[in-house]
Amino acid sequence: MIAAVRARLASWWRVATLPVLAIVLALAIAAVIIVASSAFTGTGFFPLLPIYAYGNLFAGAFGSDIALNNTLVAAAPLMLGGLAIGLGFKAGLFNIGVAGQFLAGAFAAAVVGSSLATAPVPVAVAVSLVAGGLAGAALGAIPGFLKARTGAHEVVTTIMLNNATALLLAWAVTDLARAPGFTFPRTGDIGTSALPVLLGRNLHLGVPLAFAAVFLIRWLLDRTTLGFEIRAVGANPNAARYAGISPLLIVTLTMSLSGLLGGLAGAVQMLGVIGFYASGISASVGFDSIAVALLGRSDPIGILFAALLFGAFRAGAPLMQITTQVPIEIIDIIQALIILFLAAELIVRRVFRVRARPLEIEGATTVTRTWAEGSVRT
Amino acid sequence: MSEGERAVPGAARSSLPPPALEMRGITKRFPGTLANDHIDLEVRPGEIHALLGENGAGKTTLMNILYGLISPDEGEIRIDGEPVAIRDPADAIARGIGMVHQHFMLVPVLTVAENVVLGAEIMHGPVLLDQAGAAKRIRSLAEQLGFTIDPNARVEQLSVGQQQRIEILKALYRRARILVLDEPTAVLTPQETEEIFAVLRRLRDEGASIVFISHKLDEVLRIADRITVIRRGRVVGERVPAATTEQELADLMVGRSVSLRVDRGVAHPGEVVLEVRGLHVRDDRRHEVVRGVDLDVRHGEIVGVAGVAGNGQEELVEAIVGLRRPSAGRIMLRGRDRTTASPREVRAAGVGYVPADRQRYGLVLSFTVGDNCVLTEYRKAPYARGVVRDERAIRRRAEELIAEYDVRTPGPGVRASTLSGGNQQKLVVAREFGDDELLILDQPTRGIDVGSTEFIHKQAIAQRDAGTAVLLVSADLDEVLELSDRVVVIHRGRVVGEFDAASAERERIGLLMARGVAA
């Protein structure tokens, strides 16, 4: 029994080693940047600044009930977005379109939510969430189908769709769905469609939903025939076809599911935090999700922890900036460094003298493979 | 070195120069296995020395140690009597060791000359390559070996046999005197094999030492001067071809008495299961490679398709199993039209299929052995109930298949990529053999050892005797002749001859395979 637990822990650590080391390395280098930049700011050159900054970052993320709630609330959309990307990776697909799917989901949730603003809470919330998910799924299905049918690379089509979506929604909110009575173009109040707050000031229903999604996707991938099909298509599309699986169907379906999760991320953020859709709302969740999926190695549990980490960065950064004058933007630098080190894992192995373990890095290999390969033969 | 000085097996040892290569007590442990267990190997100058053993016996490990790709735990390597330390391939090359791998290490878009000099370029000043000089040396090297090659041809345009000769040129260009060839004939046609043998004999006669790794008994007997047999990491015997037989070598290699001939009774063909009429199929480049094939396979018979690889066999099979849509013609399974059926529909109609390329089609290498055991049946009970997979049932099934088909693996939970080639093939065979109406075997024993081949052949006969219709496609004519009740010869996408196994003449079929006509 104890041996089994130990083996399980060892195997987790094997998978987690590199991400953890990448985080450590990123924090170390960001510390150097903080010290260097301190020389040019009001604080003056101050070698211990990173310790204070990181201390406050930690306090802002985990130091109180409020901080903890903020972390969880910030992590929820990242979890859903990370799952969207990670699920795609499992099928050998790189869905860069989560940003667009996030916006579509947020917009659909806002529009449907405001039209149900006086409906009973369960109905309003459920219908708005579903609307957001479906909008994302529809947006994901397009590049999925194009990839399966014509071999059009999903990276290219999703990037183009991101732009198309953002512009289309900017027009929609200024014209089609603009609510009367506001000085700028936005959708109406969501009223009872807002996700109920469960704890404290802001911990909304979206947080447990995101956690549930993690375990649902994990179950889907590991335990169901559909998950088997998705993994088979991702690992060896030829063998999948041979086995009677239709890569065309699975690629389209996986991109739709991925889009659904991306749309849900947008809906959760809209109904739980933002409250109304206006032109120019941030779709940064879409891109941070890529980082989350890479850091989590496409594994749902890994994505859970990666999202919590990135959520903590977001939640803790304001306190860090207020108390130590280290700008919030340092978080972007840390995130970028983490991704850099994950991509250039050779550097991390060198620095920490970790031996290479081939075939362990599923997410990363999948990405390179998708880039290298063209269409799925149908 | 002149012919008179050449090491003659059995000649008095005192008159011999020191061995060109001596490996003493080489031991290499991998987690869980002893890959090499105090192996001694001695190769004389001007000798072709065969290293014979089953897949996983430790042949490749030994040669990788020689080439500096892995380091031994124990043992010593001597070259020309001098102890040497070989830490990496650069050391090995400097010592005159050349390696021709089973999978060619060539860059397809570069020319022959560019491939040969890659990494050992002759420079013309600091930046320019001396291409004319390289081409000249390659031509003269090839001439010495008795063949001609255009140094400016692009490698991708060459046949597999020609590519292999380039690999040999590469080694000789680096002045190799000890040449290691890892399963060099696995990918060659019989004619190409003869050609490569001629090259090797010529090299030997000029004093080179050649280590020829193989598990093909007849080839080893034809080409080798001496044969070292290894089994499970140990040397189990050394023989000279004149004083041994295929049977003895096979028994040594496998460690028990094996039957090289397939015992089979008469076939009792029943009704037609597979009926192919006027089938035309295009390949990936849209060339028509199957051009009007008619074919019948009945219950309880094995129909062998003989043909040189690349004459449309692969596409024919892919069309039958639904992986490729025919451009014209009809495919009927038990009287029902299945011309445009999907792979899943074909499987549901009772067709088992062992594909030619087990790593590309037959297995998902990153999946576990267990998952691969149910790769084609993962949706069916008891492996799935509704959409939920039943891990326990899958595991039980895997354990059954592993035991029944003697797949050597630590268990169902390890990745399929960790299995040796022969065991991967056994895994595919285990999964596909069962109560099928039609069983399609495409190159079922390519690249696998005697023991596994014997096993797979026996299983194929057993399937036939149980009433299954079996379609066998193989580039190995011996295999086709041995297993089939009827032989169909395919050439350039057409059936050019059909024989009863009893009346089939090897020569005639060989000519039909090569030229499409028997005269």
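Quick housekeeping. This is a predicted model, where local features need pLDDT of at least 70 and side-chain atom pairs count only at pLDDT 80 or more, while totals for chains, interfaces and linings use all residues. Residues are numbered from 1 along each chain as its sequence is written, and chains are lettered from A and ligands numbered from 1 in the order in which they are written.

OK, the domains. Chain B is assigned domain 1 (13-254), domain 2 (272-350 + 435-515) and domain 3 (365-425); those bounds come from an automatic or database domain assignment. Between domain 1 and domain 2 of chain B, the C-alpha centres are 35 Å apart.

In chain B, 4 strands make an open, antiparallel sheet, in the order β2-β1-β4-β5. Strands here are DSSP runs (E, at least two residues), as are helices (H or I, at least four), numbered from the N terminus, and two strands pair if DSSP finds at least two bridges between them. At the edges sit β2 (33-43) and β5 (82-84) of chain B, each pairing on one side only.

Zooming in, β1 (residues 21-30) and β4 (residues 74-79) of chain B run antiparallel, joined by 5 bridges. B:M23, for instance, has B:I77 in β4(B) as its bridge partner.
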